[in-house]
Amino acid sequence: MATPNGLAQIETNGRKKHENVVCHDDSAAPVRAQTIDELHSLQRKRSAPSTPKDSAASAFAAALTEEQREEQQLQSISASLASLTRETGPKVVRGDPARKGEASAKSTPAHHHQHPAAPTIAVSDSSLKSTHVLSNLSPAELYEQAIKYEKGSFITSTGALATLSGAKTGRAPRDKRVVKDEAAARELWWGKGSPNIEMDEHTFLINRERAVDYLNSLDKVFVNDQFLNWDPENRIKVRIISARAYHSLFMHNMCIRPTDEELENFGTPDFTIYNAGQFPCNRYTHYMTSSSSVAINLARREMVILGTQYAGEMKKGLFGLMHYLMPKRQILSLHSGCNMGKGGDVALFFGLSGTGKTTLSTDHNRLLIGDDEHCWSDNGVSNIEGGCYAKCIDLSREKEPDIWNAIKFGTVLENVVFDERTREVDYTDKSVTENTRAAYPIEYIPNAKIPCVGPHPKNVILLACDAFGVLPPVSKLNLAQTMYHFISGYTALVAGTEEGIKEPQATFSACFGAAFIMLHPTKYAAMLAEKMQKYGATGWLVNTGWSGGRYGVGKRIKLPYTRKIIDAIHSGELLTASYKKTEVFGLEIPTQIDGVPSEILDPINTWEDKAAYKETLLKLAGLFKNNFEVFASYKIGDDSSLTDEILAAGPSF
């Protein structure tokens, strides 16, 4: 049942019994800091003259130890939640408590229209407290909130908001759970290889109650009402309830921003996130393995976050939701980049980290539809998001000018290090984490196509950085091969990236995004092949890795050559080229491409040691076969013919 403010009311009765299992936290600290002050010190580089400090505030902070500060916080929370008979919780009040009288204001700006009305409160201790809801604030207002109240929030020299995500500076996939009810058990991919780890609904509700209790204990919370999917016929309404202005601004950038009129008529959301990431989960609750928990209930259309403040959990949680909801509408959800030529030809780019997906999908001669998440429906292709989430490590104006110029007012910078006085960011500094990020609206990219939609793709490009040096620079794939390599999601780590690695390490990620998919990979692959066949798209496998030998022996394929290959795909030149078939993988490779040396198109030509080439080729083929074993038993009903067809498209030796 929904309350007058549109949020689902918490049910506290009728829970099923279950067996409690004690799980211990064995996770290591992702950052080199034991307190928030230590983490904060990593964020700023000392410089002279030092930034003036508030002496009174500094003296007060010094007078309290971290233990005393945590104890005060816990006492405050306990006091506000003292009653055992709490029903609906604290009063919900509109506006910022710092602005006296705003709660009773007769009118508010357009972006405040979604402030929930105060519900009727049953008599309890917690009902004496008010929680202020700051709904759909502008970036400027969120800047004010972050800088005033969130330690570690600063304006950088370019106007971006630099902030800290706390101890967790990346996603926690081992702490992500999905409620396995009857429908989920039947529809979702479970078992070996699956990213879906189960939990029961009762445990989810315990975590939800804990999150809502924490949010209710706060003086104020932030609410975002936004959309997913630029296709107006298939967009999803999402509501994000969070404790930090940083999280609210992050989602403001990453989701699609409604107009004032759309906010007025927003109604009940299709999915709600309760982000109480500052508060830990109860580690002794069933299914918990650490103090972090990211829990999704597809039946309730809800997500609960505890124990991690990393904002990417919200973005990728919603992506997982789209991987579940969209196929139900016969719409394919894709972890890909997407751009469009001036003639309306659309290309999809798939690739894991290090394959060049961002570099190759960013083309000043083509419009950017999106950099990460898309849908392919009967209406064409559409971006799921309203922003970009770019890596910042070693970012430079020369290498990535579009991203560099997008880091301005409104952009969120996560966990970067900057000069204490000038506020200039040092993108090479990894003191907090190597996973530094920037989140900005997609319109900050000059050649972004707004609205972010396009016609049906002409080309589906699968990128692999093959550090073994045996895959061709480009291959034309038939539909079965496209499904095989799409499910495989291959790239290779090079030696030296981790201690002890002496040779390339193969990495496979189903559908080029295994951590986010909900259904079996074969279902997405079959939908991809069906749409490619229906709308006349061609599949390509492009190797951006090594040639003439594995890493350490050969050389990486020159980027200008790869760009010429991509240009030849876009122009249609490769559709009319002459082809020959390779051994083992059975790939169709062109014999000539303008601007690319013909001898590199067949990798065997570039190896001096032909025996070593064949040995390495067979080794990689074996790795592909071993990886595919987990998918080999998939059936649609009692029929395994589709899987058999896909398997036949793999390497043969």
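Tutor: Quick ground rule before we start on this predicted model: two strands pair if DSSP finds at least two bridges between them.

Student: Okay, so what makes S26 and S29 a pair?

Tutor: Strand S26 (residues 474-477) and S29 share four bridges, in the antiparallel sense. The cut-off is at least two bridges, so they count as paired. One of the contacts to look at is Val474, whose bridge partner in S29 is Val542.

Student: And how do you know that S25 pairs with S29?

Tutor: Six bridges join strand S25 (residues 457-464) to S29, and these two run parallel. With at least two bridges needed, that is a pair as well. Here Ala464 sits opposite Asn543 of S29.

Student: Why is S29 called largely enclosed?

Tutor: Buried means under 20% relative accessible area. Six of the six residues in strand S29 (residues 538-543) are buried, so the rest of the structure largely encloses this strand.

Student: Which residues cover each side of S29?

Tutor: Thr538, Trp540 and Val542 are buried on one side, and Gly539, Leu541 and Asn543 are buried on the other, so both faces are covered.

Student: Switching to helices: why is H12 called roughly perpendicular to H16?

Tutor: The axes of H12 (residues 479-488) and H16 (residues 641-648) come within 8 Å and cross at roughly 85 degrees. Roughly perpendicular covers 65 to 115 degrees, so H12 gets that label relative to H16.

Student: What makes the contact between them?

Tutor: H12 brings Ala480, Met483, Tyr484 and Ile487, while H16 brings Leu642, Glu645 and Ile646. By class, that contact has six nonpolar, no polar and one charged residues.

Conventions
Residues numbered from 1 in each chain as written. Predicted model: local features only at pLDDT ≥ 70, side-chain atom pairs only at ≥ 80, totals over all residues. Heavy atoms only, no water. Axes fitted to C-alpha atoms, helices over the stretch in contact; angles between N-to-C directions. Parallel < 35°, antiparallel > 145°, perpendicular 65-115°, else oblique. Contact = heavy atoms within 4.5 Å. Nonpolar A, V, L, I, M, F, W, Y, C, P; charged D, E, K, R; others polar. Buried < 20%, exposed > 50% of the residue type's maximum accessible area, 1.4 Å probe, protein only.
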